[in-house]
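Dear colleague,

I am handing over the structure below, and my notes on what was found in it follow directly after.

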Amino acid sequence: MKLFWTGLAAAVLAGGISAAENEREVYEQAVAAFKAKEFPQAIESFSSVLSGTTNRVLRQGALLSRGNAYYVEQDYAAAMKDYETLLAEFPQETDTDHCTRLRQRCRVYLANASLRKLDTTWKRGDYAEVEKLGEQFLKNWAEFEQCAEVEYQLAQSMLVQRQYEEAVRRYAAFIEKYPEHAKRPVAEQMLGECHLFLAARKAELQESEAYEDWQKGRYLEAIEGFRKCAANETTAWFLAESLRLTRDPGAQQAYADFLKQYPQSVYTLEALLRQADLVRETDPRVAASAYRRVSKESADRALQTQAHLGLAHCSIENEDWREAELALLKAELLYPRSEVPAEVLSRLSYVAAKQGKTDLAARYLKRAQTLHVEVQPVTEE
């Protein structure tokens, strides 16, 4: 074939064959190849004609025939391009209905190929590529009803990737655009779940910021943060604690609300203790009852100690020295002799002195100062 083209070119240069005759000769060779079903050769020859001819008849025929050859070879993108060029350049001379039908068939084949590729990519779990292919499909094949399925799949891919904001946008757009689609109920359910995920994420973020403020001692900021959080056992507890640490009058009610809403919480006994500390000046009987419950039910030595100290405080306020001493002795027994907290020993010294037991008071004070150098005698409250 190469020798044929070389000889033909030499003949043209020598003036033996005109350029028009050359184009006609090449065109006829292309037609012969097409009829012989040698489509790759026909495509090459028609392309040669199209690259140089100014003859409208030859160009029109070459475009149609090359498009048909591409079609038979299942190169639908190239075929569609030739059909579109033909319709644009020769709208009057072309059988537009036939050419338009061929072009549409190419679009159908190409759209189906895109859908198969999209489905394979989805099954492979490459959701970033799914998004890319889906967007391309919607752009290139907007006239096909399968666009609805693709838009739904894009929303699903956003959900799988936990890109909830984008999933919300896509589900909402699908529902609005395809109100009668069979998958609308599922899309509405998924939209609702995305909103729940976003609310949970927002709550987690707010909680994490509030906890950070708490850990850094920024209790006023923590109060504002916990108030914005979704109500749950943990946020309610830390809100009450933050109010207590800032001496906010609302702390007492916060603990009361916590105990009412979460009576079986891991924080229940500690909440009772905190509430008792806050009410013992105004309601010592309620406080004493709470301290007794904590001292009996808690397995935490620190909480038991604070409960006994609270009971002792209530008894001291009532000048019931013997009851105060008994409560403090129970606290003392919770520890090895060398680990008794300074507050317990100093209170025992104070109560002993109030009962006229000066030697015992001195011994308690000496023990406290031996174990805890900074301890000073308890004075009148």
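Leucine 159 touches Tyr164, Ala167, Tyr171, Met190, Cys194 and Phe197, leaving aside residues up to four places away in sequence, where contact means heavy atoms within 4.5 Å. This is a predicted model, in which local features need pLDDT of at least 70 and side-chain atom pairs count only at pLDDT 80 or more, while totals for chains, interfaces and linings use all residues. Residues are numbered from 1 along each chain as its sequence is written, and side-chain values use heavy atoms, with hydrogens and water left out.

Leu159 is also among the residues that touch the most other members of the largest nonpolar core, which has 55 residues; such a core is a set of buried Ala, Val, Leu, Ile, Met, Phe, Trp, Tyr and Cys residues joined through side-chain atoms within 4.5 Å. The largest share of this core, eight residues, comes from helix H8 (residues 147-160), helices being DSSP runs of H or I with at least four residues, numbered from the N terminus. Apart from this core lies another, of 50 residues, including Leu259 and Trp321.

Helix H8 is also the place of glutamine 153, which counts as buried because its relative accessibility is 17%, the cut-offs being under 20% relative accessible area for buried, over 50% for exposed and partly exposed in between, with a 1.4 Å probe and protein chains only. Glutamine 153 touches Leu118 and Trp122, again not counting residues up to four places away in sequence.

Best regards

Conventions. Helices (H or I, at least four residues) and strands (E, at least two) are DSSP runs, numbered from the N terminus.
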